[in-house]
Amino acid sequence: MKVCPVNSHNEWDPLEEVIVGSVFGAMMPAWDTINKHTVPPGEWDKICCYQNPNGTPYPKERIKAANSEREEFIHILESEGVIVRRIEDVDYTAPFSTPDWSVTGGFSGANPRDPFLIIGNEIIETPMADRSRYFEAWAYRSLFKEYFKAGAKWTAAPKPMLADALYVPDYRIPGPDEPNRFVITEFEPTFDAADFVRCGKDIFGQLSHVTNNFGIEWLQRHLGDGYRIHLIESRCRQALHIDTTFMPLAPGKAMVNPEFTDINKLPAILKNWDILVSPQPVRSQNDPTGATVSGWVNMNVLMLDEKRVIVEKNQIPMITALKDWGFEPIPCSFENYYPFWGSFHCATLDIRRRGELKSYF
């Protein structure tokens, strides 16, 4: 019997096959509604000075530096026995439109964790709220057709309209005593896959500037009664993707961001887990704006199994903490990838991990 090549239920089973993103042709997209509100206050002027607000190609030297570290990362993965799949090159400079809106170009294929969610043997294309990322799936189509022909399920969530009604027109950052709220409305279901992490039958997610309750409800209903989605409340006013806030590392062990989470308000289902508090990050010197990725990108690690973990080589406090927690860190240079909005977890999409669906609670 032929085994389906797609099989991944959590963040820590032994990794056997993975898609790694690409920075080829990357565009700094136009700073539209989403991007404006996921940049920390005080950093906006730096970004606008760095690039054209209508979108512009990343400098060639930045792409070269990021690609060099990507190749180092791929070499480590392959040396550890992981099959690495690469995506196709597409033209991110091309403008595109729908009957309701237009953008001057796309972004990149740097972070496959954002547009796709692997649940068991199913590939789910997510309904992203960022207009500039509307056609990001194109670079992956050849791989997904191959996986589908080999037995994988392949689903696309309802393609969102991304009409103006999805975005709060007069959005402002909540004050310190106000509850958190985000720029998207409940007009239609939207979510990024990177706002979810998997622990077998239990999935942890968060509301953010790209993920709304409608999107979470769509995903829960699609997955059915065999899965439970639990929400992590983020205190981050620029919340965008959960993998710098809450990261499961192994059965019974999860790392949390002490700035973005209140440990006393974590879902009750985690009460018997070891909650590991992330050390303070070492700020990268390679992001020209200092703002295109969260400072807590040190948490954006990739588990190869329950022990081995790939971590940025300059994040010494994180490496030390991981060793103290019983893990085996594998350092890798990756700071030059940060300006492309991600690190190891963002830059990959697990295709196959050796394991079965089970409950860990």
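How many bridges join strand β17 to β18? Let's work through that and a few more exercises together.

This is a predicted model, in which local features need pLDDT of at least 70, side-chain atom pairs count only at pLDDT 80 or more, and totals for chains, interfaces and linings use all residues. Residues are numbered from 1 along each chain as its sequence is written, and side-chain values use heavy atoms, leaving out hydrogens and water.

**Exercise 1. Describe the sheet that holds β16, β17 and β18.**

Step 1. Begin with the pair in the opening question: 5 bridges join β17 (residues 308-312) to β18, and these strands run parallel. Strands here are DSSP runs of E with at least two residues, helices are runs of H or I with at least four, and both are numbered from the N terminus. Two strands pair if DSSP finds at least two bridges between them.

Step 2. Find a facing pair: Glu 312 stands opposite Cys 332 in β18.

Step 3. The open sheet has 3 strands, arranged β16-β17-β18, with mixed pairing. Because β16 (302-303) and β18 (328-332) each have a single partner strand, they stand at the edges, and one side of each is left without a neighbour in the sheet.

Step 4. α3 (residues 60-79) lies across β16, β17 and β18, at about 145° to β18. α6 (residues 316-324) lies across β17 and β18, at about 165° to β17. Axes are lines fitted to C-alpha atoms, for helices over the stretch in contact (heavy atoms within 4.5 Å). The angles run from 0 to 180 degrees between N-to-C directions.

**Exercise 2. Work out which residues of α3 are buried and which are exposed.**

Step 1. Check the length. The 20 residues of α3 should span 28 Å at 1.5 Å a residue, and the end C-alpha atoms are 28 Å apart, which agrees. The expected span is 1.5 Å times one less than the number of residues.

Step 2. List the buried residues (under 20% relative accessible area; exposed is over 50%, partly exposed in between, with a 1.4 Å probe and protein chains only). They are Arg 62, Ile 63, Ala 66, Glu 69, Arg 70, Phe 73, Ile 74, Ile 76 and Leu 77.

Step 3. Look down the axis: the buried residues of α3 fall within an arc of 155°, so they line one face of the helix. The arc is that of the directions from the helix axis to the C-beta atoms.

Step 4. Turn to the other side of α3, where Lys 60, Glu 61, Lys 64 and His 75 are exposed.

**Exercise 3. Trace the surroundings of Gln 206.**

Step 1. Locate Gln 206 in the loop between β11 (202-205) and α5 (213-223). Gln 206 is buried, with a relative accessible area of 0%.

Step 2. Widen the view: leaving aside neighbours within four places in sequence, the contacts of Gln 206 include Ile 216, Leu 231 and Thr 245.
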